[in-house]
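Here is a quick tour for someone meeting this structure for the first time. Have a look at the model before reading on.

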Amino acid sequence: MKVFLSADMEGTCGIVCWPETERTTSFDYSPLQKQMTREVAAACRGALAAGAEEVLVKDSHDSARNIDPTVLPRHTRIHRGWSGDPLSMMTGLNQEHFDAVFFTGYHAWVSCPGNPLSHTMNLRNNRVWLNGTLCSEFLLNSYTAGYYGVPVAMVTGDQALCDFAKTLIPAITTVPVNVGRGNGTTSLHPDEAVERIEAAAKEAAAKASQCVVPMPEHFHMEIDFIKHHMAYSKSFYPGAVLKDDKIVCFDSDDWFEILRFCHFVLSDA
């Protein structure tokens, strides 16, 4: 068994403000960077304890240079930095066979009150819809896993996202570590979060085959940009339509074409 793990940061236990996610503000960033690494390492240990032969970790936050590889257990590999391909936070999933996908440190979608740092890919949009559902990075990356036939077995992050994940994939194992309230959060103790994540990863790996991602037959995406001039510029992507002054739409039956659209229109990576 091989596990692919995509690690973000805004759903890390205890996180509450942007300086805690940015390498340039080391006083704030360092403690949460260490906690992010601990949570990733815990998920890897759980997967390996359940019988996984290997875990490939994709550092998927900001610079993609956040996780300390020396803390990860043996039999893990890590992809750091951004390759520049449309898979973005899932780079590497299409290059070899995997039996399960894990997400750690994931966060709610833009405009969701369940996380003070809620966003979808960048801070340039008010809302992103996918087939009428407010779209998170979890939803985007789950459909990428589904496109390649890999079950999504676990997600850790804020309570709002974990609740949504259960509606998409009922058998998924979730570890909510934060609850957002306004511009604040209530969190587990960091050690308890690590313990829960390791136990959940062991459980998730064992039942991964039950966590198949339901793939729609057609995809309709709408991005509501904050700035009208950004929407105008992005509307020139082939096949895109400017719905009004700030909303750009795109349709396809092929998920990879949605990924390509996101790569050029939505993603910063």
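This is a predicted model: local features need pLDDT of at least 70, side-chain atom pairs count only at pLDDT 80 or more; totals for chains, interfaces and linings use all residues.

Residues are numbered from 1 along each chain as its sequence is written, and side-chain values use heavy atoms, with hydrogens and water left out.

Let's start with the sheet. It is open, has 5 strands in the order β6-β5-β10-β12-β11, and its pairing is antiparallel. Strands here are DSSP runs of E with at least two residues, helices are runs of H or I with at least four, and both are numbered from the N terminus. Two strands pair if DSSP finds at least two bridges between them. β6 and β11 sit at the edges with a single partner strand each, so one side of each has no neighbour in the sheet.

| Element | Residues |
|---|---|
| strand β6 | 133–134 |
| strand β11 | 241–242 |
| strand β12 | 247–252 |

β11 pairs with β12 over 2 bridges, and Leu242 has Val248 in β12 as its bridge partner.

Leu242 also belongs to a nonpolar surface patch with Tyr232 and Phe236. Tyr232 comes from helix α5 (residues 228–234).

Now for helix α4 (residues 190–206), which holds Ala200. Is Ala200 buried or exposed? Ala200 has 7% relative accessibility, so it counts as buried (under 20% relative accessible area; exposed is over 50%, partly exposed in between, with a 1.4 Å probe and protein chains only). Leaving out residues up to four places away in sequence, Ala200 touches Met154, Thr173 and Val175, contact meaning heavy atoms within 4.5 Å.

Note on methods: Patches are made of residues with over 30% relative accessible area and no salt bridge: like charges are joined within 9 Å, nonpolar side chains (Val, Leu, Ile, Met, Phe, Trp, Tyr) within 5 Å. Accessible areas come from the Shrake-Rupley method with a 1.4 Å probe; for residues, only the protein chains shown count as cover. A salt bridge is a side-chain nitrogen of Lys or Arg within 4 Å of a carboxyl oxygen of Asp or Glu.
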